[in-house]
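I opened this model to see how its parts are arranged. These are my notes in the order I made them.

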Amino acid sequence: MKDGTTKERIVVHDYGTGNPYFMVPVDKLSKVKHRLDEKHIVYSVERDAISLDGQPAVVVISLSVKSNISEVQALLDSIP
Amino acid sequence: MLLADKIGEIRGQTLTALDASHDFYSHTKNVWRMTQRMVEQGREIAFRNLETGNVIDEKDIPVLAQRYVSGYLASATFQQFIAQFETYIFKFLKIWLNQYPHKYADRKISFQEIINSSSKDEIVEKVIDKNLKTLAYSQPAEWFNFIDDIVNLKSISSDQIAELSEIKASRDVLVHNNGVVNEIYVAKSGTQARFRPGEKLELPENYHRASWALIKELVQNISDEAIKKLTK
């Protein structure tokens, strides 16, 4: 899945100093949540969406520190 | 001021303080998310702390932002919610017991404390303070038993008390055990325990939000029931 604004692939960030996370455009949120639920992946969606300069808003999804990051990344990559 | 008005006042103060804490969490988090988004969009950013001399740039920001938001910020505001709840509970009990001190009618006080007091009111206050201090160190279930004795709480369920006990136990892990879950947490949390001993305690946003909402609901319900009892 790509970020419509940056045109970059959406990546799960895991720096080992906080919970892994990724940013998702709000219009793709329900699709991503559905896929995470299907795989029983534990996540938390922030209740604030961020928009800069009128661009499409994004929301942060945080994962548990115990998450399988590769699995989540593969799931994101599989979403068109 | 009537007791019901005093309770209404501390309810208002506590609910406002809880909202302010959550706004602080939300706004601070959003500023970090905005900064992260700017980095994702290719902006160059640098912060220099003139005290430490440390400089961070756009490469460091995503790493630090996530640590700050999911770590420090979530933990600090979560602890603040519980501190606000404790302050509310013990203010509530103090003003209630000042009005109805007979709850402690069987308590003993030394003659020394009596002669060192300037009035009956001061003696009553000393007894209340001493006993509330002991109660403050007990488990939340004890607090609710005590409140139930005086107010007869109907709207607070045992599930809510169990959830609050886990929230308080999580706070204790953050404050006293560097965020690493221990046996004490498990014992205090009972069936609500979210982690096992040795695991790092996490505060995901949905849990952080649910804790805040539960505390607000408890403050509202305790106050409403107390006021109802006083005004019927």
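**Entry 1: helix 5 of chain B**

I looked up the buried residues of helix 5 of chain B and found B:Pro140, B:Trp143, B:Phe144, B:Ile147 and B:Val151. The model is a predicted one, in which local features need pLDDT of at least 70 and side-chain atom pairs count only at pLDDT 80 or more, while totals for chains, interfaces and linings use all residues. Residues are numbered from 1 along each chain as its sequence is written, and chains are lettered from A and ligands numbered from 1 in the order in which they are written.

I call a residue buried if 20 or more other C-beta atoms lie within 10 Å of its own, exposed if 12 or fewer, and partly exposed in between, with C-beta atoms placed from the backbone. Helices (H or I, at least four residues) and strands (E, at least two) are DSSP runs, numbered from the N terminus.

I then looked down the axis of helix 5 of chain B: its buried residues fall within an arc of 95°, so they line one face of the helix. The arc is that of the directions from the helix axis to the C-beta atoms. As background, an α-helix has 3.6 residues a turn, so residues three or four places apart point the same way.

Next I checked what this face packs against. The buried residues of helix 5 of chain B pack against helix 2 (61-99), helix 4 (120-136), helix 6 (158-176) and helix 8 (205-231) of chain B. Contact here means that the C-beta atoms of two residues, placed from the backbone, lie within 7 Å.

I also checked the length. Helix 5 of chain B covers residues 140-151, 12 residues in total, and reaches 16 Å from its first C-alpha to its last, close to the 16 Å expected at 1.5 Å a residue. The expected span is 1.5 Å times one less than the number of residues.

**Entry 2: two residues with positive phi**

Which residue takes a positive phi just after helix 5 of chain B? I found B:Asn152, at about 65°. B:Asn152 sits in the loop between helix 5 and helix 6 of chain B. B:Asn152 counts as exposed because it has 10 C-beta neighbours inside 10 Å.

In chain A I noted A:Asp53, whose phi is near 50°, a positive value in a residue other than glycine. A:Asp53 lies in the loop between strand 2 and strand 3 of chain A. A:Asp53 is exposed, with 7 other C-beta atoms within 10 Å. For reference, most residues other than glycine have a negative phi.

**Entry 3: the sheet of chain A**

I traced an open sheet of three strands in chain A, in the order 1-3-2 and with antiparallel pairing. Two strands pair if DSSP finds at least two bridges between them. Strand 1 and strand 2 (43-45) of chain A are the edge strands, each pairing on one side only.

I counted five bridges between strand 1 and strand 3 of chain A, and three between strand 2 and strand 3 of chain A.

Is strand 3 of chain A enclosed or open? Five of its six residues are buried, so strand 3 of chain A is largely enclosed by the rest of the structure. In strand 1 of chain A, four of the five residues are buried.

A:Val24 is buried, with 21 other C-beta atoms within 10 Å. Leaving aside neighbours within four places in sequence, A:Val24 is in contact with A:Ile10, A:Leu29, A:Val32, A:Val58, A:Val59 and A:Ile61.

**Entry 4: where the chains meet**

I found 20 residues of chain A in contact with 22 residues of chain B. Strand 1 (21-25) and strand 3 (58-63) of chain A each supply at least two residues of the side of chain A that touches chain B. Strand 3 of chain A gives the most to that side, with three residues.

**Entry 5: a loop in chain B**

Last, I looked at B:Leu50, in the loop between strand 1 (46-48) and strand 2 (55-57) of chain B. B:Leu50 is exposed, with 6 other C-beta atoms within 10 Å. The C-alpha atoms of B:Leu50 and B:Ser110 are separated by 57 Å, the two residues being 60 residues apart along the chain.
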